[in-house]
Amino acid sequence: VETFGLSALEAMGCGTPVVAVDRGAVPELVRRSEGGVTFPNGNVDALARTIETMLGQDLQAMGGRARRHVERHHRWDEVFPELFGMYRTIIP
C-alpha cells in the first residue's frame, strides 16, 4: 500500500489520464490536475460507468493537463530538497 499515489503521479507525468478510487491521496491529484476521473470506492458498476464516460472525453487533452500539473507541482528537483528539508527538521 502506497499512501501518496506515486504510480498515478508517474502515469500523469507521462501524459496518461488516471482513473482512481475516490479515497486516499490520488483523487486530490486527479481533481487538481483535471487529468483523470474518480469513482466511488468499492462500486464496480460506477467504475465501469466512469471508464465509459472517460473514454468519450478528449483523452489527449486530459493527459496533457495531467502532465502539466506534474511538471508544475511535482518536479523531482523541487520535491527532493523540500522533502529532505522536512527530514532535517525532524531528525536531530
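Reader: Which residues in α2 meet residues in α4?

Author: Happy to start there. This is a predicted model, in which local features need pLDDT of at least 70, side-chain atom pairs count only at pLDDT 80 or more, and totals for chains, interfaces and linings use all residues. Residues are numbered from 1 along each chain as its sequence is written, and side-chain values use heavy atoms, leaving out hydrogens and water. Contact means heavy atoms within 4.5 Å; here Leu 29, Arg 32 and Ser 33 in α2 meet Arg 65, Ala 66 and His 69 in α4. Those contact residues divide into two nonpolar, two polar and two charged. (Ala, Val, Leu, Ile, Met, Phe, Trp, Tyr, Cys and Pro count as nonpolar, Asp, Glu, Lys and Arg as charged, and the others, Gly among them, as polar.)

Reader: At what angle do the axes of α2 and α4 cross?

Author: Axes are lines fitted to C-alpha atoms, for helices over the stretch in contact, with angles from 0 to 180 degrees between N-to-C directions. The helices themselves (H or I, at least four residues) and strands (E, at least two) are DSSP runs, numbered from the N terminus. Helix α2 (residues 26–33) and helix α4 (residues 59–73) have axes that come within 9 Å and cross at roughly 105°. That makes α2 roughly perpendicular to α4, a label for angles of 65 to 115 degrees.

Reader: What is the angle between α1 and α4?

Author: About 110°, with their axes 7 Å apart. Therefore α1 and α4 are also roughly perpendicular to each other. Leu 9, Met 12 and Gly 13 of α1 make this contact with α4 residues including Gly 63 and Val 70.

Reader: Where is the largest pocket lined, and by which helices?

Author: Rolling a probe the size of a water molecule over the atoms shows where empty space is left. In this model, α1 (6–13) and α5 (76–90) each supply at least two lining residues of the largest pocket, and α5 gives the most, with six. (On a 1 Å grid over the protein atoms alone, a pocket is an open set of points where a 1.4 Å probe fits, with protein on both sides within 12 Å along at least five of seven lines; lining residues have an atom within 4 Å of a point.) The lining holds seven nonpolar, two polar and two charged residues.

Reader: Where is confidence lowest, and where is it highest?

Author: pLDDT is the predictor's confidence in each residue, from 0 to 100. Its mean is lowest in α5, at 84, and highest in helix α3 (residues 44–55), at 97.

Note on methods:
Parallel < 35°, antiparallel > 145°, perpendicular 65-115°, else oblique.
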